[in-house]
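This report describes selected features of one protein model. Please keep the sequence and the structure in view while reading.

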Amino acid sequence: MALRLVADFDLRKDVLPWLRAASAAAAPGGGGPDILENNYESLRILNIERNGNVIYTYKDDKGNVFFGLYDYQTKQNEHLYTFEKDLQAVSCSVNRERTLLAASLVQAAKEGKRNELQPGSKCLTLLVEIHPVNNVKVLKAVDSCIWVQFLYPYVESRPLPVNHLLLISEEKYIEQFHIQVIQEDGNRVVIKNSGHLPRERIAEDFVWAQWDMSEQRLYYIDLKKSKSILKCIQFYADEHFTLMFEAPLDISLSNSGFKLVNFRYDDIQDQEKLSRQPTLCVFTNHTDYYVAVYLPGHFFHLLNIQHPDLICHSLFLTGNNEVIDLLPHRPLQSLSGSLVLDRCSGKLYRALLNQSYLLEFLWNARLDCEKMALMHCVLSCGRDPRQTEAKIIQWISENISACHSFDLIQEFIIASSYWSIYPETSNMDTLLPYSSLLTWDTEIPGITLVTEEIPLPLMKVHSFKGYWEKLNANLEYVKYSKPHLHYNNSMVRREWLSLISEEKTRKRRSMVYVRNILDNAMKVISNLEARSAEPRLTPLFQEEDNHQRLLMGLMVSELKDHLLRHLQGVEKKKIEQMVLDYVSKLLDLICQILEASWRKHNLHPWVLHFDRRASAAEYAVFHIMTRILEATNSLFLPLPPGFHTLHTILGVRCLPLHNLLHYIDNGVLLLTETAVTRLMKDLDNTEKNEKLKFSIIVRLPPLIGQKICRLWDHPVSSNIISRNHVKHLLQNYTKQPQSCVMDKSSFSVEFLPLNFLIEILTDMESSDPALYAFEGHDNVDAKFVEEAALKHTTALLGL
């Protein structure tokens with residue numbers, strides 16, 4: 001199932017064996033728990049403290065109320081206190097040092113039986129000294145139920161001089177008691193001035209309250225002139241507490257019949273009745289990336305609260321989907337820190353996203369929105385990123401064309417890079433792209449989108465701490481419609497194209513600027529190589545590929561500037577490392593996809609030669625590389641040096657000539673110098689290969705073309721070299737007076753225009769041999785130069 005409940009605590013496994021042993025060892029009158037087998041059903045959980053300790057209660061056959069504690073760290077049980085009265089425990093809490101116990105008890109439901117401690121009262125709230133067992137003080141004796149909770153502030157391990165206790169009453173008020181303790185006779189801890197405990201009223205006239213044990217916050221809904229206001233109070237280590245926010249609710253709850261959370265006691269009959277009713281469960285975890293909402297037999301929603309602007313990042317399962325019937329149908333109570341309490345069974349669970357099931361579900365998902373949501377969910381909660389990415393890559397390779405709403409490779413690269421860097425700082429979701437999509441226009445079954453504008457509540461935020469600081473920043477972002485801060489490569493695109501254009505015209509800006517960019521690229525490649533534990537199968541990073549290095553270095557430069565502008569308070573060195581990690585991750589993901597493809601198809605380095613026909617495996621790898629190129633081109637992301645060379649070589653091996661040329665002309669295949677050099681050297685001069693080579697040469701950029709022609713010992717290349725040489729000479733020709741009369745008898749050709757052209761060329765070459773030296777003369781003879789010059793001249797003269 002998508003949500004996995006792992007039992008952290010089970011009364012029957014973690015408590016019962018200890019109770020049995022304690023019962024067997026207890027001598028009559030010894031004060032130990034008198035446990036009988038037929039009373040085990042009275043064992044139940046009362047409270048979970050902030051440190052994870054579980055407080056439970058048990059009634060013996062005489063009706064005495066026994067309180068015990070299960071230490072979450074040591075996995076040991078401890079007897080706290082026994083009330084030798086026939087009462088029913090409603091609520092209980094123990095302070096951090098386990099020296100004080102607060103408990104609320106109600107009169108037992110037996111006819112004619114009254115509370116002997118306080119006649120006429122329904123509920124007793126007691127404060128007990130338990131280190132050692134000493135005095136019992138009555139805090140409240142009223143007809144309404146009261147819930148008690150000691151505060152657990154983050155402090156050092158030393159004992160606290162003052163303990164703070166919250167009392168939340170069914171009579172709609174909240175009080176805080178301040179209890180000072182002192183040590184007497186060694187380790188004996190007693191309450192100082194127990195006759196008068198300082199207290200203060202926290203809130204009045206509320207209809208609902210909930211305690212956040214993890215953050216030590218109290219949420220409650222206050223009623224002011226028939227208006228409902230949600231408030232949050234933060235408690236600290238001293239007596240200080242702060243109202244963090246208040247937000248008006250657009251509904252009236254005065255007569256809603258709301259009950260206090262973690263407050264009302266339900267007896268066994270009530271629990272059995274509740275277990276037969278459908279119960280809505282809400283689960284949260286400590287990251288706040290996701291909230292799970294579950295109604296057994298009806299729906300399971302996994303809401304992505306980190307990126308609520310794209311609804312496709314949330315998983316909506318409704319109707320007959322098998323996943324919505326896998327969780328327990330009993331009422332579950334969600335606590336802080338991913339904890340879930342099942343009071344009926346006495347079990348405490350930790351709610352976790354089941355990554356194995358999510359991956360299995362990803363393989364079987366049919367809807368694009370489900371694939372999108374599952375990919376993000378698996379990437380965000382993966383405890384082993386490398387293994388998780390490998391499994392997603394395997395899924396992508398099997399479903400490369402299965403999605404119509406988004407590009408699988410593109411989304412994977414962007415999402416995985418984002419989640420790898422996200423933990424570095426809390427503002428990454430506003431600064432880096434987390435999805436390749438800007439909007440989602442495809443229908444999601446079971447979800448109706450409302451396009452009307454919903455006004456935000458006028459929340460008064462009084463303090464910024466943790467989650468609420470982030471919430472307020474998000475509200476401000478939406479409220480004032482700040483410009484989109486997500487980084488994109490538009491600036492990199494313009495600068496990169498400008499540098500490439502300058503290179504073609506041989507007008508390059510300062511070498512210091514270019515060197516800094518290439519240094520950035522070298523840092524990325526070094527960082528990437530340090531990540532790789534095993535040697536790569538694919539022949540990448542084996543050539544310079546300056547164009548990709550320029551793109552890589554420019555992205556580092558632009559992204560660093562972007563983060564420095566918007567990440568206030570983060571040191572420059574950390575930002576530089578974050579940028580290197582991010583760009584390295586992008587390239588590493590591309591390499592991982594290629595590595596997985598090579599490994600799957602069992603390819604070897606001999607695919608880089610042209611002496612055999614392409615296999616089906618090479619076709620598959622070529623297709624994957626083409627899809628990678630499409631994904632990165634639209635986002636203008638860098639590719640590993642050597643990618644274009646490998647892609648072109650596979651293209652030559654896999655494609656018919658007309659398709660190959662079509663790919664080249666449309667920019668899908670880039671003719672790198674390394675790839676074309678290998679092509680010229682490896683292929684012989686059969687008619688088919690001559691046609692291929694000539695088609696490639698005429699499509700090369702001039703600078704590369706001149707180098708490549710000198711590698712091909714063929715009349716066609718000689719023709720091209722000769723024409724380029726003559727063209728270069730004539731471009732620099734300035735007519736000057738003849739210095740001498742040439743010996744015309746030395747020319748065997750009697751065509752006057754040719755004789756005149758040869759005379760000019762000879763004169764220019766002899767005037768400055770170093771300037772007009774003929775390169776690549778090994779593949780060219782003088783006779784051929786004459787013929788080429790003649791043809792060129794006659795063409796220019798129109799003869």
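## The second largest pocket

A pocket is an open set of grid points with protein on both sides within 12 Å along at least five of seven lines, and its lining residues are those with an atom within 4 Å of a point. The model examined here is predicted.

The second largest pocket holds about 1300 Å³ of space. Its lining consists of 40 residues, and E503, H547, L671, P701 and I704 lie nearest the centre. By class, this lining has 21 nonpolar, 9 polar and 10 charged residues. At least two lining residues come from each of helix 10, helix 11 (511-531), helix 12, helix 14 (616-635), helix 17 (673-682) and helix 19 (702-709). Helix 10 contributes the most, with 6 residues.

## Two helix pairs

Two packed helices are described by the angle between their axes and the distance between the axes. Helix 10 (residues 490-504) packs against helix 12 (residues 546-566) at an angle of about 145°, and the axes are 10 Å apart. Their crossing is right-handed. On the side of helix 10, the contact is formed by M491, V492, E495, W496, L499, I500 and E503, while helix 12 supplies H547, L550, L551, L554, M555 and E558. This contact comprises 9 nonpolar, 1 polar and 3 charged residues. Two of its members, E503 and H547, are also among the residues that lie nearest the centre of the second largest pocket.

A further pair is formed by helix 7 (residues 408-421) and helix 13 (residues 572-601), which pack at about 145° with their axes 9 Å apart. Helix 7 passes helix 13 in a right-handed crossing. Which residues meet in this pair? Helix 7 brings I409, F412, I413, S416, S417, Y418, S420 and I421, and helix 13 brings M578, D581, Y582, K585, L586, L589, I590 and I593. The contact of helix 7 with helix 13 divides into 11 nonpolar, 3 polar and 2 charged residues.

Strands in the order 6-7-8-9 make an open sheet of 4 strands with antiparallel pairing. Strand 6 (87-94) and strand 9 (133-142) are the edge strands, each pairing on one side only. On average, neighbouring strands of this sheet are turned by 25° against each other, direction ignored.

Within the sheet, strand 7 (residues 100-107) and strand 8 (residues 123-130) run antiparallel and are joined by 7 bridges. One example to find in the structure is S104, whose bridge partner in strand 8 is T125.

## The partners of strand 12

Strand 12 (residues 173-184) runs antiparallel to strand 11 (residues 162-169), and 8 bridges join the two. N163 has I179 of strand 12 as its bridge partner. Strand 11 and strand 12 form a hairpin with 3 residues between them, and K172 in the turn has a positive phi of about 70°.

Strand 12 is also joined to strand 13 (residues 188-191) by 4 bridges, again in antiparallel fashion. Here V181 has I191 as its bridge partner. The hairpin of strand 12 and strand 13 likewise has 3 residues between the strands, and D185 takes a positive phi near 50°.

An open sheet of 4 strands has the order 19-20-21-22, and its pairing is antiparallel. The edges are strand 19 and strand 22 (315-318), each of which pairs on one side only. Neighbouring strands of this sheet are turned by 10° against each other on average, direction ignored. Helix 5 (residues 368-381) packs on the sheet and touches strand 20, strand 21 and strand 22; the direction of helix 5 makes about 125° with that of strand 22.

Strand 20 and strand 21 (residues 299-304) run antiparallel and are joined by 6 bridges. Y290 stands opposite N304 in strand 21.

Rolling a probe the size of a water molecule over the atoms shows where empty space is left. How many cavities of 30 Å³ or more does a search of the whole structure find? The search finds 5. The largest cavity contains about 90 Å³ of space.

Strand 19 (281-284), strand 20 (290-295) and strand 25 (347-353) are the elements that give two or more residues to the lining of the largest cavity. Among the lining residues are L3, F283, L302 and L353, together with Y290, the residue that stands opposite N304.

How values were computed: Residues numbered from 1 in each chain as written. Predicted model: local features only at pLDDT ≥ 70, side-chain atom pairs only at ≥ 80, totals over all residues. Heavy atoms only, no water. 1 Å grid on protein atoms, 1.4 Å probe; cavity = no way out; pocket = protein on both sides within 12 Å on 5 of 7 lines; lining within 4 Å. Points joined across faces, edges and corners; volume = space filled by probe spheres on them. Axes fitted to C-alpha atoms, helices over the stretch in contact; angles between N-to-C directions. Left-handed = near helix turned anticlockwise from the far one by under 90°. Contact = heavy atoms within 4.5 Å. Nonpolar A, V, L, I, M, F, W, Y, C, P; charged D, E, K, R; others polar. Pairing = 2+ DSSP bridges.
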